[in-house]
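Student: I've got a new protein on screen and want to go through it in pieces. Can we start with how strands pair up?

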Amino acid sequence: MSESQKQPPFLGIFFVATAGQNGSLLGSDEEEIVLLVLSILNTSSNQVVCTSPFVVQPRTADINENLLSEECKIDFKLSDDQVRTAIPLETAIEQLDEIVRQNAGDEEFTLVVDGQLPLRQCLHPEACAKEISLPAYYNSFFDLKKEFAKRYEVRLEEINEMLEHLGLNPSDEPSDSILSRVNQMTLIASKMLTDGYQFETKEIINMKLEPGICSKFEEVDSNCVVRARGLPWQSSDQDIAKFFRGLNIAKGGVALCLSLQGRRNGEALVRFESQEHRDMALKRHKHHIATRYIEVYKATGEDFINVAGGSNNEAQAFLSKGGQVIVRMRGLPYDCTAKQVLEFFNSGDKSCQPLDGEEGVLFVRRPDGRATGDAFVLFNVEEDASTALSKHRESIGTRYIELFRSTTAEVQQVLNRCLEPKTAEIQAQLPLVSPVAPVAPQVAQVPQVAVPILPQHIITSGTRKDCIRLRGLPYEAQVEHILEFLGEHAKNIVYQGVHMVYNAQAQPSGEAFIQMNSEESAFLAAQAKHHRYMMHFKKQRYIEVFQCSGDDMNLVLTGGLPSPPKALVSPGGTLLGPHYGTYPYGQAPHIISAVTPIAPRTAAAANPYGNLYPQIFYWPYPSPPVSPTYFGGHAVPPVSVTAPPALIPQECLGALAINGGLNKGAMNGHNGHGPPPPIPNGNHDLAPRLINADTNGFRTDLMIERTIAEKHRPPLIPTKSYMELGLFMA
């Protein structure tokens with residue numbers, strides 16, 4: 001945004017340098033400011049009033065041994081010792097403000113900077129993070145590059161190129177490198193004034209996120225939208241605006257994405273005023289909110305409309321009242337009235353009045369008119385937000401109420417989902433995992449093409465609480481880390497009983513489900529490990545451990561949707577292509593007893609396809625480098641099975657995987673590379689063949705039986721045993 005005004009009597013030529021990258025990458029690495037230089041130019045006399053440099057001490061000066069990059073040391077002749085003994089940023093801002101007041105007085109004063117980055121990408125984000133209040137003249141500026149292009153009709157990116165174009169000799173400048181850059185900028189501005197140019201078009205930095213309503217039929221420029229991912233779940237639109245401080249967000253331009261269950265999923269779509277601001281936002285990829293880094297990607301206008309757009313008349317009427325603050329209430333009694341909501345906010349020491357009384361309360365209802373327990377409340381001014389949110393978890397009747405800061409986009413998104421009868425129908429068609437990344441947020445209004453998902457035939461079911469749920473895992477945690485965390489309780493895990501939970505974008509969710517061999521084992525593991533710490537890369541994370549049932553597990557893994565039918569293939573079956581290793585068998589595997597003597601107990605089921613059987617796939621870890629639902633170009637031929645083949649008993653499978661038997665034996669040389677092992681022929685049992693490959697040959701059946709008896713100590717699952725990691729949506 002820019003505005004035209006009369007040329008100010010004083011210009012402040014302002015230069016910023018950070019401890020890291022400078023130039024075109026200024027601010028992209030989140031390094032702190034180490035140098036501020038201000039030169040005040042009187043536009044009427046075209047004379048420099050004063051020039052003031054300030055070396056700034058970063059807050060990490062006591063932690064980091066090497067504070068400055070080599071680029072910074074060479075270009076500005078700064079040393080680590082100079083920076084360590086310098087003044088902090090807030091002191092430098094105060095002293096600069098004092099200099100401005102002494103020299104410009106009450107007359108208008110406007111900054112001139114080399115491009116957009118010094119203020120938008122450096123000073124404003126850092127001042128916001130450090131809670132430093134900046135004087136008002138930092139909220140507008142002249143972009144020297146744009147002003148130069150407007151005057152001389154040529155766009156030049158470097159200061160030296162501008163000097164050459166104007167015929168000015170940089171060698172005439174003082175040799176002090178700290179002042180040289182700002183003196184060169186002052187020369188250019190002075191020359192433009194001499195040539196009769198008027199500095200009139202200011203760039204404006206919006207300090208407040210303005211509310212706005214987005215229609216389903218509005219056109220949004222795809223070059224102005226980004227997707228932020230990895231946000232703390234409690235983040236509001238104001239928190240996201242602070243993350244992008246310095247960049248101008250369009251009215252109502254923050255849309256928080258919701259999961260299929262209606263809760264915030266850590267993503268947001270942000271719409272900026274121009275492509276220039278969108279491009280600067282992309283440079284904040286992996287910048288931080290507190291200790292969390294935020295991923296920033298390009299998005300489309302259609303993505304934004306799908307989340308923020310609305311056509312509900314009730315929502316439009318509610319949002320058009322013009323309140324500055326929207327609070328979402330969750331957990332309301334189903335028979336709650338607007339009068340009770342007003343009494344809730346008016347009671348107690350900290351009372352606040354919703355906008356327009358009962359008209360400022362919007363209840364969320366289903367298509368049949370039934371209440372959902374949610375409501376949105378409008379407040380008139382920003383100061384009411386903290387007062388209203390201070391009532392979080394206070395009660396209406398016997399129910400405590402949760403309060404969250406909300407947005408216009410969230411109001412429309414929630415109402416769109418609740419009022420459309422086909423929402424649940426569309427949700428059931430959405431894939432649990434998308435094959436592309438980054439992916440668009442899953443919204444109920446936009447059906448997506450379904451992709452095959454991993455059959456959940458390994459997941460247990462029922463109400464027996466023989467499972468445990470781990471929450472709060474590091475995203476990098478693997479199966480071996482979970483086994484190490486559980487310690488002696490890991491021996492009670494059933495075969496293929498570890499399930500890592502992934503979200504809709506195929507990113508780790510920090511959760512895992514583990515199937516135990518009994519309810520008692522699950523209870524003891526949950527009691528012993530709840531709120532215990534997991535060490536991972538020298539970091540401590542406390543882990544929540546809950547006892548749960550198979551039905552509970554299925555409910556989370558399927559997102560509350562009906563589970564797919566049980567597969568008819570052996571446990572271990574998956575959709576991975578042959579690239580990851582297959583072990584086809586030429587004949588039907590018999591049911592093998594887990595105890596000696598080893599002999600088939602029953603014949604295999606009739607098979608109309610002769611020797612064609614579903615292939616059994618083994619997935620050793622470390623895991624394949626891609627998602628198990630991504631085929632990487634290796635197609636698996638469909639096999640239709642009318643009668644299920646005989647399965648190896650669960651206890652026997654546990655014995656086969658002991659001590660990495662499959663890894664060293666049947667899968668030797670075939671972990672995705674090399675030819676598969678030979679297909680066994682004849683009527684030999686499957687178990688002796690697998691173990692045979694592990695022990696370089698058995699001479700007698702007695703040796704086979706003795707080895708199985710020694711190896712088979714169910715349900716021991718050592719660290720190197722095979723476990724299938726199912727890929728599901730949290």
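This is a predicted model: local features need pLDDT of at least 70, side-chain atom pairs count only at pLDDT 80 or more; totals for chains, interfaces and linings use all residues.

Student: OK. In S4, what is the bridge partner of Leu38?

Tutor: Ser52 in S4 is the bridge partner of Leu38.

Student: How many bridges join S3 to S4, and do they run parallel or antiparallel?

Tutor: There are eight bridges, and S3 and S4 run antiparallel. The two strands form a hairpin, with four residues between them. In that turn, Asn46 has a positive phi of about 55°.

Student: And S4 to S5, parallel or antiparallel?

Tutor: Those two run parallel, joined by two bridges. Gln57 has Pro88 in S5 as its bridge partner.

Student: Now helices. What's the length of H3 in residues, and how far does it reach?

Tutor: H3 spans residues 89–104, which is 16 residues. From first C-alpha to last it reaches 22 Å, close to the 22 Å expected at 1.5 Å a residue.

Student: Which residues of H3 are buried?

Tutor: Leu89, Ala92, Ile93, Leu96, Asp97, Ile99, Val100 and Ala104. They cover an arc of only 160° around the axis, so they sit on the same side of H3.

Student: Why would residues three or four places apart point the same way?

Tutor: Because an α-helix has 3.6 residues a turn.

Student: What covers the buried residues of H3?

Tutor: The cover includes strands S2, S3, S4, S5 and S6, plus helix H4.

Student: Which exposed residues are on the face turned away from the buried side of H3?

Tutor: That face carries Glu94, Arg101 and Gln102.

Student: What comes just after H3?

Tutor: Gly105, with a positive phi of about 65°.

Student: Let's jump to H5. Which of its residues are buried?

Tutor: H5 covers residues 144–152, and its buried residues are Leu144, Lys145, Glu147, Phe148 and Tyr152. Seen down the axis, they fall within an arc of 165°, so they line one face of H5.

Student: Which residue caps the N-terminal end of H5?

Tutor: Asp143 does that. One of its side-chain oxygens lies 3.0 Å from the backbone nitrogen of Lys145.

Student: What follows H5?

Tutor: Glu153 follows H5, and its phi is positive, near 55°.

Student: And what covers the buried residues of H5?

Tutor: Among the elements there are strands S6, S7 and S8, and helices H6 and H7.

Student: New topic: the open sheet of four strands. What's the order?

Tutor: The order is S15-S16-S14-S19, with antiparallel pairing. The edge strands are S15 and S19, and each pairs on one side only. From one strand to the next, the twist averages 25°.

Student: How many bridges are there between S14 and S16?

Tutor: Six, in the antiparallel sense. For Ile326, the bridge partner in S16 is Leu378.

Student: Which strands of the sheet does H12 touch?

Tutor: H12 packs on the sheet and touches S14, S15, S16 and S19. Its direction makes about 125° with that of S15. H14 packs on the sheet too, touching S14, S15, S16 and S19. The direction of H14 makes about 35° with that of S15.

Student: Is Arg328 buried or exposed?

Tutor: Arg328 is found in strand S14. It is buried, because buried means under 20% relative accessible area and Arg328 has 6%.

Student: What does the side chain of Arg328 make a polar contact with?

Tutor: With the side chain of Glu410, at 2.9 Å. Leaving aside neighbours within four places in sequence, the residues in contact with Arg328 include Asp374, Phe404 and Val414.

Student: Last one. Where is Asp384, and is it buried or exposed?

Tutor: Asp384 is in helix H13. It is buried, with a relative accessible area of 18%.

Student: What does Asp384 touch?

Tutor: Cys352 and Phe379, not counting residues up to four places away in sequence. Asp384 and Ile326 are 58 residues apart along the chain, with their C-alpha atoms separated by 9.9 Å.

Terms used: Residues are numbered from 1 along each chain as its sequence is written. Side-chain values use heavy atoms; hydrogens and water are left out. The expected span of a helix is 1.5 Å times one less than its number of residues. Buried means under 20% relative accessible area, exposed over 50%, partly exposed in between (1.4 Å probe, protein chains only). The arc is that of the directions from the helix axis to the C-beta atoms. Contact means heavy atoms within 4.5 Å. Two strands pair if DSSP finds at least two bridges between them. A polar contact is a pair of N or O atoms within 3.5 Å; within protein, one must be able to donate a hydrogen and the other to accept it, and residues adjacent in sequence count only if both atoms are side-chain atoms. Axes are lines fitted to C-alpha atoms, for helices over the stretch in contact, and angles run from 0 to 180 degrees between N-to-C directions.
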